[in-house]
Amino acid sequence: MSANDINRQWLLNGRPEENNPVVLDEHFKYNEAPRPEVGPGQFLVRSMYLSIDPAMQGWMRELADYMAPMKIGDVMLGRAVARVVESQHPGYQVGDLVYGVFGWQDYYVSDGRDRNGIPVNKQPKNAPPTAVLGALGTTGLTAYFGLFDVGRPVPGDVVLVSGAAGAVGSLTGQLARLAGCKVIGIAGGPKKCDWVVKDLGFDACIDYQTEKVADRIAALAPGGINVFFDNVGGSVLEAGLANLAMNARVALCGGIAGYTKIIPGPANYMQLIMKRARMEGFIVVDYMSRWPEGMARLSQWIAEGKLKETVDVADGFDKTPKALIGLFSGANMGKQLVKIGDDPFS
Ligand SMILES: NC(=O)c1ccc[n+]([C@@H]2O[C@H](COP(=O)([O-])OP(=O)(O)OC[C@H]3O[C@@H](n4cnc5c(N)ncnc54)[C@H](OP(=O)(O)O)[C@@H]3O)[C@@H](O)[C@H]2O)c1
């Protein structure tokens with residue numbers, strides 16, 4: 001049997017505990033299955049890159065209503081970019097570059113839909129294969145719709161972005177700069193802070209591990225924050241709420257500080273009242289009908305050199321669980337991907 005006949009898989013082997021929801025190696029089990037057969041009306045994809053997302057911790061715990069449920073023993077859910085390597089489906093040709101929720105495995109047989117029941121999309125022409133998992137995928141679209149539709153910045157606004165060196169945050173800050181705003185990031189450690197300022201063009205970045213975040217926001221934005229795009233929650237959310245400008249908008253994208261331990265809600269939420277502010281959560285899939293609009297704008301900015309893609313690629317299928325676990329200790333800079341195979345058509 002050759003390597004091409006084996007379908008490597010990571011199966012869900014356990015769920016993070018309710019009271020201590022840390023993702024552990026033991027929650028995954030390696031498996032080798034035969035390469036799947038393709039029937040009439042189906043096609044077979046071979047994945048090259050897997051997208052690694054903090055939300056997977058919630059998918060493992062079945063907390064996300066927008067994701068297919070997962071039983072113990074199922075292939076771990078996840079987005080991937082892949083090549084069509086066999087096809088008996090009129091809409092997909094061998095060699096097409098496609099993306100969707102194919103799971104943590106080499107091969108997936110599709111009837112035109114992914115494991116989430118969503119039509120398998122073809123990669124836009126001329127985009128690098130990783131783009132649809134990062135800046136042109138749900139990561140970029142989260143930054144785009146969360147910032148522009150929920151945060152609604154206007155030129156001259158001060159925009160605060162937490163998780164600034166992460167996948168969504170690193171793009172959000174750049175988009176806010178494109179919208180003519182002053183952008184302050186919050187990230188963990190001097191290396192990440194340097195990167196978002198020097199390479200990505202943020203105006204400033206606060207190291208939440210060593211600095212007093214609320215005091216630093218006040219010093220950098222004496223007039224207050226007009227838009228707060230929060231990826232973190234907990235004490236970082238409180239520091240932002242303590243510094244809102246009148247009529248501020250708080251776009252709640254994520255709360256990663258609370259994914260692996262139980263944290264209390266913001267004690268100072270009354271600031272929303274005092275500042276006549278709006279705090280609104282959103283999920284990127286709610287904007288699916290407008291994804292083409294977002295992708296077109298994001299592609300244009302990338303092509304014009306105005307938006308930098310930020311990918312952090314781990315090499316090797318065996319690295320996949322560790323790549324997810326690493327998100328919760330800040331191991332990544334930009335979008336975490338895992339390369340699991342070469343392009344079968346290169
Ligand atoms: N609403 C939506 O539709 C949507 C879609 C995608 C993602 N999200 C959410 O957006 C957030 C960012 O997602 P992403 O894909 O861009 O991942 P990401 O930011 O790349 O996630 C990993 C980063 O989170 C930070 N982090 C981890 N634990 C932390 C803690 N306890 N306190 C503060 N920071 C912590 C780390 O950076 P540091 O080194 O800076 O700590 C780490 O590098 C997540 O909360 C995710 O669930 C929401």
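**Close-up views of a predicted model**

**Figure 1. Asn247 in strand β12.** Asn247 is found in strand β12, which covers residues 244-252. The structure shown is a predicted model. Phi of Asn247 is near 60 degrees, a positive value in a residue that is not glycine. Asn247 counts as exposed because 11 other C-beta atoms lie within 10 Å, and a residue with 12 or fewer is exposed.

**Figure 2. Arg276 in a loop between α7 and β13.** The loop that holds Arg276 lies between helix α7 (271-274) and strand β13 (278-281). Arg276 is not a glycine, yet its phi is positive, at about 45 degrees. Arg276 has 10 C-beta neighbours inside 10 Å, so it counts as exposed.

**Figure 3. Gly189 and its contacts with Asp207 and Gln209.** Gly189 sits in the loop between β9 (182-187) and α4 (190-199). With 15 other C-beta atoms within 10 Å, Gly189 is partly exposed. Leaving aside residues up to four places away in sequence, Gly189 touches Asp207 and Gln209. Gly189 and Asp207 are 18 residues apart along the chain, and 5.4 Å separates their C-alpha atoms.

**Figure 4. The whole chain, as context for the close-ups.** The chain contains 9 helices and 15 strands. Its C-alpha trace spans about 65 × 45 × 35 Å along the principal axes. The radius of gyration is 20 Å, which agrees with the value near 20 Å for a compact globule of 346 residues. Of the 346 residues, 45% count as buried. Among contacts between residues at least 6 apart in sequence, 67% join residues at least 24 apart.

Technical notes: Residues numbered from 1 in each chain as written. Predicted model: local features only at pLDDT ≥ 70, side-chain atom pairs only at ≥ 80, totals over all residues. Helix = DSSP H or I, 4+ residues; strand = E, 2+ residues; numbered from the N terminus. Buried ≥ 20, exposed ≤ 12 C-beta atoms within 10 Å, placed from the backbone. Contact = placed C-beta atoms within 7 Å. Rg over C-alpha atoms; globule rule 2.2 N^0.38 Å.
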